[in-house]
Amino acid sequence: MNEREVTNSEATPEDRKIESMLRPRTLSEFVGQKKLKENIAVFIEAAKQRDEQLDHVLLYGPPGLGKTTLAHIIAKELGVNINVSSGPVFQKPAELIAILTKLERKDVLFIDEIHRLNVIVEEHLYPAMEDFKCELIVDSGPHARYYSLSIEPFTIVGATTRAGMITSPMRSRFGIVARLDYYSPQDLLSIVKRSARYGNYHR
């Protein structure tokens with residue numbers, strides 16, 4: 001499984017390496033969110049048994065609760081590639097289409113801050129999510145030509161801290177909608193202990 005970064009980031013390679021080492025890699029390693037993990041595990045297992053892509057997933061809740069980590073875990077549990085981006089990155093439909101046409105079968109496209117997608121870009125995402133097709137417009141005015149490009153079946157994992165800003169058409173296209181809740185003191189302690197243990201192990 002590979003991770004393909006499709007967004008600009010200020011993080012250094014060393015930062016990404018450390019973050020990757022500390023990040024839980026499986027649902028069983030992910031602390032807390034018990035009911036959410038159980039539901040996602042069922043959906044993942046069903047998709048694997050059908051040999052199909054996982055339905056699109058919307059993760060929402062306050063910042064810092066692990067939405068990005070869960071997106072990576074979902075891809076790993078499925079055994080597929082993950083492509084990482086964010087809503088503000090896509091300014092033009094062509095930028096989105098360039099990513100979608102490179103996806104391999106059952107890949108995960110993680111879009112953080114999905115509520116910040118450009119309206120026009122969002123509309124181009126609808127046929128991709130529903131029918132796995134991209135609508136490409138070449139030229140404009142009377143010379144405009146319309147093409148429909150087939151893409152590989154894939155899964156969007158969208159993350160947002162502002163669920164109320166997700167449009168109804170977009171929300172309706174997510175088959176799996178999950179809210180992350182705040183962690184209990186016990187869960188927080190477990191997370192700290194895990195990070196400390198891993199940090200000491202790699203000194």
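Predicted model: local features only at pLDDT ≥ 70, side-chain atom pairs only at ≥ 80, totals over all residues.
Reader: Nice. Which residues of α2 are buried?

Author: Leu36, Lys37, Ile40, Ile44 and Ala47 are buried in α2. Looking down the helix axis, you would find these buried residues within an arc of 95°, so they line one face of the helix.

Reader: And what do the buried residues of α2 pack against?

Author: They pack against β2 (57–60), α3 (67–78) and β8 (176–179).

Reader: What about the face turned away from the buried side, which exposed residues does it carry?

Author: That face of α2 carries Lys34, Lys35, Val42 and Gln49, which are exposed.

Reader: Can you show me another one? What does aspartate 51 form a salt bridge with?

Author: Its partner is arginine 105, and the closest N and O atoms are 3.8 Å apart. Aspartate 51 lies in the loop between α2 and β2, and arginine 105 in the loop between α4 (93–100) and β4 (108–112), so the pair ties together parts that are 54 residues apart in sequence.

Reader: Are those two buried or partly exposed?

Author: Aspartate 51 is partly exposed, at 41% relative accessibility. Arginine 105 is partly exposed as well, with a relative accessible area of 41%. There is also a network of salt bridges that links Asp51, Arg105 and Lys106.

Reader: Where does aspartate 51 sit relative to α2, and what is its phi?

Author: Aspartate 51 follows α2, and its phi is positive, near 55°.

Reader: Okay, let's switch to α3. How many of its residues are buried?

Author: Nine of the twelve residues of α3 are buried, so the helix is largely enclosed by the rest of the structure. Among them are Leu70, His72, Ile73 and Leu78. From its first C-alpha to its last, α3 reaches 17 Å, close to the 16 Å expected at 1.5 Å a residue.

Reader: And what comes just after α3?

Author: Glycine 79 does, and it takes a positive phi of about 75°.

Reader: I keep noticing arginine 173. Where is it placed?

Author: Arginine 173 is in the loop between α6 and β8. It is buried, with a relative accessible area of 19%. Leaving aside its neighbours within four places in sequence, arginine 173 is in contact with His56, Tyr126, Met129 and Glu130.

Reader: What does arginine 173 do with glutamate 130?

Author: Their side chains meet in a salt bridge, 3.5 Å from N to O. This pair links distant parts of the chain, 43 residues apart, with glutamate 130 in helix α5. Glutamate 130 is partly exposed, at 48% relative accessibility.

Reader: And where does arginine 173 lie relative to tyrosine 126?

Author: Arginine 173 lies over the face of tyrosine 126, at 4.1 Å from the ring centre. Elsewhere, the charged end of arginine 171 sits over the ring of tyrosine 60, 5.8 Å from its centre.

Reader: Last topic: how many aromatic pairs does the structure hold?

Author: The structure holds one. It is formed by phenylalanine 132 and phenylalanine 154, which are edge-to-face, with 5.8 Å centre to centre and 70° between the planes. Phenylalanine 132 lies in the loop between α5 (119–131) and β5 (133–138), and phenylalanine 154 in the loop between β6 (145–150) and β7 (155–160), so the pair ties together parts that are 22 residues apart in sequence.

Reader: Are those two phenylalanines buried or exposed?

Author: Phenylalanine 132 is buried, with a relative accessible area of 16%. Phenylalanine 154 counts as buried too, at 0% relative accessibility.

Conventions
Residues numbered from 1 in each chain as written. Heavy atoms only, no water. Phe/Tyr/Trp six-rings, centres within 6.5 Å; stacked < 30°, edge-to-face > 60°. Helix = DSSP H or I, 4+ residues; strand = E, 2+ residues; numbered from the N terminus. Buried < 20%, exposed > 50% of the residue type's maximum accessible area, 1.4 Å probe, protein only. Lys NZ or Arg CZ within 6 Å of the ring centre and 35° of its normal. Arc of directions from axis to C-beta. Contact = heavy atoms within 4.5 Å. Salt bridge = Lys/Arg side-chain N within 4 Å of Asp/Glu carboxyl O. Expected span 1.5 Å × (residues − 1).
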